[in-house]
Amino acid sequence: MAVSGFEGFEKRLELQFFGDDPLENMGLRLIDFESLEQVLHIVNCTVVSAVGNHFFDAYVLSESSLFVYPNKIVIKTCGTTQLLKSVRPLIHFADKLNLTLCECRYTRGSFIFPKSQPFPHTNFKEEVIYIEENLPNNLVYRKAAVMPSKNPSCSWHVFTAVDQNHHRRRSLNSDVTFEVCMTELDRHLARRFFKKTGDCKTGDLAGKEMTELTGIDDINPSAFICDFAFDPCGYSMNGIDDDRYSTIHVTPEDGYSYASFECVGSVYDDNINIVETLKKAVQVFKPATVSISTTSNRREVWTKVARAMEPLGLKCRTFAMDEFPAAGFVVFQTFTAASR
């Protein structure tokens, strides 16, 4: 294990807002690019590529991704970014549009290099204190928990907060969010995320090549992909498919190789589709260890996750379930390759 390298594990923040929107339901999408850049500057990252459709805008960042819907922002950043410093300015810009925060969700895995993380990400307790100090008082239902696994260096951190009205309406939400973290990637496959020596292609062009070469474009063939390759290595992509996003980020360096895949589905989706999507995503990297967090209002969705991993020779080692205000059930499962 390297003494210190690039931190692949992301921090993820989701903020939901409500309010009257007189401008054809554009909501948060009306926050101008300059304001978004200000927020990202505070966090310590920049936009490298962007795409939008009728439903939302998706930005590939120098450190992961940002998704802006009319009533929701999802921002995910890796490395030594200070993601939680975005909470206050994002609430401020939403307030200018007469939108009020009603729900907050923060999740992350266990950092590979925790000592390299800056404030407020030095530890989970510090993160929770910081979020709570920056949330408005109307978010009265709050919960923080660390979901453990057999491996002490692999746990899932969750904080959620919600106001009274939206806490009651939670059961109406049919979304399922899958957050997949993969480590010890197959070395041969990880090499595909390195630019060749002397390759002068732009990040967009090199990213497109990596997407096709690795089979990432086959995970969800109906998604439009916005991709980017970094110098000398690393890769990010956002997929947009109607009102749903998917995203992949890869840190391929040996010793601390890491890849993440996140997608949003519905509890009403065809079971086969969910299983196939997860299977295809993990197959791209053939990792030795995988952790998957599933967030949804239905307990049973997690069974599809185990079904997707079994044919890949990944055995479920640990299982944890907890219930959170706003989020519903969060199930955290870890898998290891039987053959490695």
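The model is predicted, so local features need pLDDT of at least 70 and side-chain atom pairs count only at pLDDT 80 or more, while totals for chains, interfaces and linings use all residues. Residues are numbered from 1 along each chain as its sequence is written, and side-chain values use heavy atoms, with hydrogens and water left out.

**Overall build**
- The chain holds eight helices and 16 strands (DSSP runs, H or I of at least four residues for helices and E of at least two for strands, numbered from the N terminus).
- Its radius of gyration is 19 Å, close to the 20 Å from the globule rule for 340 residues, so the chain is as compact as a globular protein of that length. The radius is taken over C-alpha atoms, and the rule is 2.2 Å times the number of residues to the power 0.38.
- The C-alpha trace spans about 50 × 45 × 40 Å along its principal axes.
- Of the 340 residues, 56% are buried (under 20% relative accessible area; exposed means over 50%, partly exposed in between; 1.4 Å probe, protein chains only).
- Among contacts with a separation of 6 or more, 69% join residues 24 or more positions apart (contact means heavy atoms within 4.5 Å).

**Around S260**
- S260 sits in strand β13, residues 258-266.
- S260 is buried, because its relative accessibility is 1%.
- The S260 side chain makes a polar contact with the E10 side chain at 2.6 Å. Such a contact is a pair of N or O atoms within 3.5 Å; within protein, one must be able to donate a hydrogen and the other to accept it, and residues adjacent in sequence count only if both atoms are side-chain atoms.
- Beyond its neighbours within four places in sequence, S260 contacts E10, K76, V180, M182, T247, I248 and H249.

**Cis peptide bonds**
- The bond from F119 to P120 is cis, with omega near 5°. P120 lies in the loop between β6 (100-108) and α3 (124-134).
- The bond from D231 to P232 is also cis, with omega near -5°. P232 lies in the loop between β10 (224-229) and β11 (235-241).

- S64 has a positive phi of about 90°. S64 belongs to strand β4, residues 64-68, and is buried at 1% relative accessible area.
- N98 has a positive phi near 60°. N98 lies in the loop between α2 (87-96) and β6, and is exposed at 58% relative accessibility.
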